[in-house]
Amino acid sequence: MNTHDVFATAGRLGRPVSGEVLIDAHGHLGHGPDFPIIRPTAEALVASMDRLGIQFTCISSIQAIFGDAEHGNALVAEALRAYPDRFFGYLVVDVGYPAKVAAQLAGGIAAGFRGLKVWSYGARPGLPYNHPNYGPVFAYANEHAMPVLAHVFGPELEELRGHIKKYPRIRWLLAHIGSAELEKYMGFAQEFPTVYVELCLSTCPRGLVEHLVAAGLEDKVVWGSDVVFLDQASQLGRVLFAQIPVGAKRKILGLNARKVLGLK
Ligand SMILES: [Zn+2]
């Protein structure tokens with residue numbers, strides 16, 4: 001065992017990673033749209049974080065993503081109030097109802113949200129990111145220099161290209177690298193200084209993390225789990241045991257996220 005690799009060592013021992021910055025940049029609260037999740041609550045999530053050594057999880061509401069922003073965001077706002085040191089909130093707005101958006105954005109900032117989560121289509125009907133309704137949303141994020149976590153599974157990359165160029169103050173987290181169009185995700189991270197790629201995925205493509213680091217992207221890869229859809233432990237293992245230098249693990253598991261999210 002490489003005793004200098006505190007990450008792999010903690011994983012093998014089943015102990016929390018300690019003395020390191022661990023940030024989960026992609027999490028959720030609440031039940032699935034059409035399936036229940038066991039205890040999808042802030043309390044259960046904090047317990048999971050403590051078991052693993054994660055200081056901070058960045059969350060949005062599943063309910064909000066699937067059409068009920070008002071009630072879903074309220075649930076996240078409650079978690080931000082209860083655990084201000086453990087959660088970072090991504091606001092979700094109803095892009096399908098543009099008249100509601102300005103008030104939702106202002107209300108979100110007031111409630112302590114510091115980022116936006118956008119979800120185009122895939123498992124549900126939704127607008128593509130290049131739909132005009134997204135214009136005011138991204139303009140607001142740009143004005144406030146907010147990070148935007150974008151659900152991506154391939155085709156959405158091209159829909160985002162124009163926004164990435166137009167809004168240079170947004171730091172973009174392109175979710176689910178490894179899902180599809182791997183080279184294109186990597187090209188975005190290489191081309192645009194504001195673009196980062198995020199790792200959560202229900203599959204575990206062999207060698208993905210190693211491939212990204214070998215391509216020179218260790219400063220552009222951010223770890224996320226998709227908790228409470230997926231378990232933080234299994235997603236964390238993908239990086240703890242990756243065959244990459246310890247310094248790269250440190251960046252991917254926390255230091256890069258800290259930069260993207262603007263955390264101290
Ligand atoms: Zn997600």
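This is a predicted model: local features need pLDDT of at least 70, side-chain atom pairs count only at pLDDT 80 or more; totals for chains, interfaces and linings use all residues.
Residues are numbered from 1 along each chain as its sequence is written.

Let's start with the whole protein. It has eleven helices and eight strands; helices (H or I, at least four residues) and strands (E, at least two) are DSSP runs, numbered from the N terminus. Its C-alpha atoms fill a box of roughly 60 × 40 × 35 Å along the principal axes. The radius of gyration, taken over C-alpha atoms, can be set against a globule rule of 2.2 Å times the number of residues to the power 0.38. For 264 residues a compact globule would come out near 18 Å, and the protein has 17 Å, which agrees. Of those 264 residues, 45% count as buried, where buried means 20 or more other C-beta atoms within 10 Å of the residue's own, exposed means 12 or fewer, and partly exposed is in between, with C-beta atoms placed from the backbone.

Now to the sheet. Its eight strands form an open sheet in the order β1-β2-β3-β4-β5-β6-β7-β8, with parallel pairing; two strands pair if DSSP finds at least two bridges between them. At the edges stand β1 and β8 (221-222), each with a single partner strand, so one side of each is left without a neighbour in the sheet.

Five bridges join β1 to β2, and the two run parallel. The chain gets from β1 to β2 through α2, in a β-α-β crossover that is right-handed, meaning that with the strands pointing away from the viewer, the path from the first strand over the helix to the second runs clockwise.

Zoom in on S60, which sits in strand β2 (residues 56-61). Its bridge partner is H28. S60 counts as buried because it has 29 C-beta neighbours inside 10 Å. Leaving out residues up to four places away in sequence, S60 touches H28, I65, V76, Y90, V92 and K117; contact here means C-beta atoms, placed from the backbone, within 7 Å.

What about the nonpolar core? That term covers a set of buried Ala, Val, Leu, Ile, Met, Phe, Trp, Tyr and Cys residues joined through C-beta atoms within 7 Å. The largest one has 82 residues, of which V148, A150, W172, L173, L174 and V222 touch the most other members. The biggest contribution comes from α11, with six residues. Beyond its neighbours within four places in sequence, A150 is in contact with residues including E156, L160 and W172.

Methods:
Two residues are in contact if their C-beta atoms, placed from the backbone, lie within 7 Å.
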